[in-house]
Every structure is written in structure tokens, then in C-alpha cells.
Amino acid sequence: MRRNRDLITLMKLTDFYKVIARSLNRSTKSCYLKLRRDVHTITLKNGFFSELELKKLKKLSRKYENKSGKYRLIADKMGRDCVSIQNKLNHRSKTVKRGTWTVEEEEALFKAVREVTGLQHLNEIKQLVIPWRKVAKLIPTRDEQQCRKHFFLFKHLKLDDASKLKTWGKEESYRLIDILSNGDYSFETDIDWNEVNQSFVDVSPSASYIQLQFYRLKSGIPDFHRKSFSDVLEEINSSHKH
């Protein structure tokens, strides 16, 4: 377990992920999360918690209740991933609903997000500024992951000008290809998606939406993840001319 943490720490402190990301034409974050998940799958226990583990979890939770980094401490003791420990404790601390959100729950979610961020306009709220654990504490029936997923899935529906957004079509795809082809980008990781998004305010609710559209374009290229960014753009350009 110690070796596992040392490996992750070492790779964090080097350009390992940047090199891999550029080689695979993927984001640095996605490469980090994928490798971290694979390392944990090999070295840490996963899956259902046994009755014995649940008893141990309850005992350790009481022991480290007021300790800083309690999830990591408990995870180390149990030989499990920190995220799985956090999720399990959050699930056990309240009754979590599944399925469709009610109108009351949705209203409570947006109210909670505004409260913990101090921002009143939803289009000012970015993913990195939201402490989802605090938000979930204000939603009695939903957990942290549900709140995050639901918020970003339906956020654009709550914006005042959401109904004014046009539907993404071929014209927008051509425009995106043109911007990326003429931009000063050697690798996909060089792209500032927030900047690119400024050219699509009439159709796009967020920078993530633009990234999704580009992914859809490049996923039509065979073995795109094995090709350079410039080659992918060239093939997309070629395929859209026919």
C-alpha cells in the first residue's frame, strides 16, 4: 500500500502524465485518473463491504471522527481506496434516494450551490469552486456524487438564456474545426477550451460542451487515440469536405 502511494506521488511530481497525455492525445487529468484507478484496482481491495468490514468501518469512523484527513486514515487501515471509504460513510450517514429528482430536491440543490459558493448566477458557477460535500449536507436525500452529476447535467436548463441557445449543427462543427486548425495548438492539451467556447456562446452552455463536440468529431476517426493532434484534425477536415 505504501509502495502504491509512493508511485502515485512520484508520478505527480514529474512530467510523467504530461508525456503520456501528449502521446495518447488525451488530457493529463484523464491519464492520471485512469492510471490511479488501475493501480488501486490491482493493489487495493474493492467491491462490496463485508459485515466484518462494516463493523470495522464504524469503529474507525468513531475513532477518527475529528481527525484531519480521516478518510485517508481509515482507508489505510482497511486497505481500500479513500474514495470508496468516503462514499460508504456518506451513504451510511443518511438515507439516500435513487432515481428521478423531485422539483423540491432540484430547487434545494440549486439553493445549496448558491449558498456554499456565494454566487447567485448559475452561469458564474464552475465545477472547481463547488465544495460538493457541503452541498450534499444541505440535501438530506442525496449524496455528494448525485448532487454534482445532477447539477451539471441540468445546469444549462436553469439559465435564463438557455432557451435562446441554438442547436449544434454542421455549421458549428465546421467552425470548431476551423478554429482548432488555425489555432496555435501543437497538442490537444494546449487548447484553452474556455477561450474556444467564447466563439460559440450562441450554441454552447459551457467549455465542457465544446470539448464533447470535439470528442464526437474525433471519435469518428479510426484509432484517433493513436494519432497526433494534427493528424486527427487533418482527417476530420478531410471527412467533412465530402
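Visitor: Why is Lys227 called partly exposed?
Guide: Lys227 has a relative accessibility of 23%, so it counts as partly exposed. This is a predicted model in which local features need pLDDT of at least 70 and side-chain atom pairs count only at pLDDT 80 or more, while totals for chains, interfaces and linings use all residues. Residues are numbered from 1 along each chain as its sequence is written, and side-chain values use heavy atoms, leaving out hydrogens and water.

Visitor: What makes the contact of Glu235 and Lys227 a salt bridge?
Guide: A salt bridge requires a side-chain nitrogen of Lys or Arg within 4 Å of a carboxyl oxygen of Asp or Glu. For Glu235 and Lys227 the N to O distance is 2.8 Å, and the side chains therefore meet the rule. Glu235, at 29% relative accessible area, is partly exposed. By this rule the count comes to 7 salt bridges.

Visitor: How do you know that Glu188 and Lys218 tie together separate parts of the sequence?
Guide: Their closest N and O atoms are 2.8 Å apart, and the two residues form a salt bridge. Glu188 lies in the loop between α10 and α11 (193-197) and Lys218 in helix α12 (residues 207-218), so the pair joins parts 30 residues apart in sequence. Helices here are DSSP runs of H or I with at least four residues, strands are runs of E with at least two, and both are numbered from the N terminus. Glu188, with 14% relative accessibility, counts as buried, and so does Lys218, with 5%.

Visitor: Which class, buried or partly exposed, applies to Glu172?
Guide: Glu172 has a relative accessible area of 4% and is therefore buried, whereas Arg175, at 25%, is partly exposed. The two side chains meet in a salt bridge, 3.8 Å from N to O. Both residues lie in helix α10 (residues 170-182), 3 residues apart, about one turn of the helix. They also belong to a network of salt bridges that links Lys166, Glu172, Arg175 and Asp202.

Visitor: How do you know on which side of α5 its buried residues lie?
Guide: The buried residues of helix α5 (residues 70-78) are Tyr71, Ile74, Ala75 and Met78. They cover an arc of only 100° around the axis, which puts them on the same side of α5. The arc is taken from the directions from the helix axis to the C-beta atoms.

Visitor: What makes a set of residues a nonpolar core?
Guide: The members must be buried Ala, Val, Leu, Ile, Met, Phe, Trp, Tyr or Cys residues, joined through side-chain atoms within 4.5 Å. The largest such core has 19 residues, of which Leu176, Leu180, Trp193, Val196 and Phe214 touch the most other members. Helices α10, α11, α12 and α13 (229-241) each supply at least two residues of this core.

Visitor: Which residues does Val196 touch?
Guide: Contact means heavy atoms within 4.5 Å. Leaving aside residues up to four places away in sequence, Val196 touches Leu176, Ile179, Leu180, Tyr185, Ile191 and Ile210.

Visitor: How many helices and strands does the chain have?
Guide: The chain has 13 helices and 0 strands. Of its 242 residues, 34% are buried.

Methods: Buried < 20%, exposed > 50% of the residue type's maximum accessible area, 1.4 Å probe, protein only.
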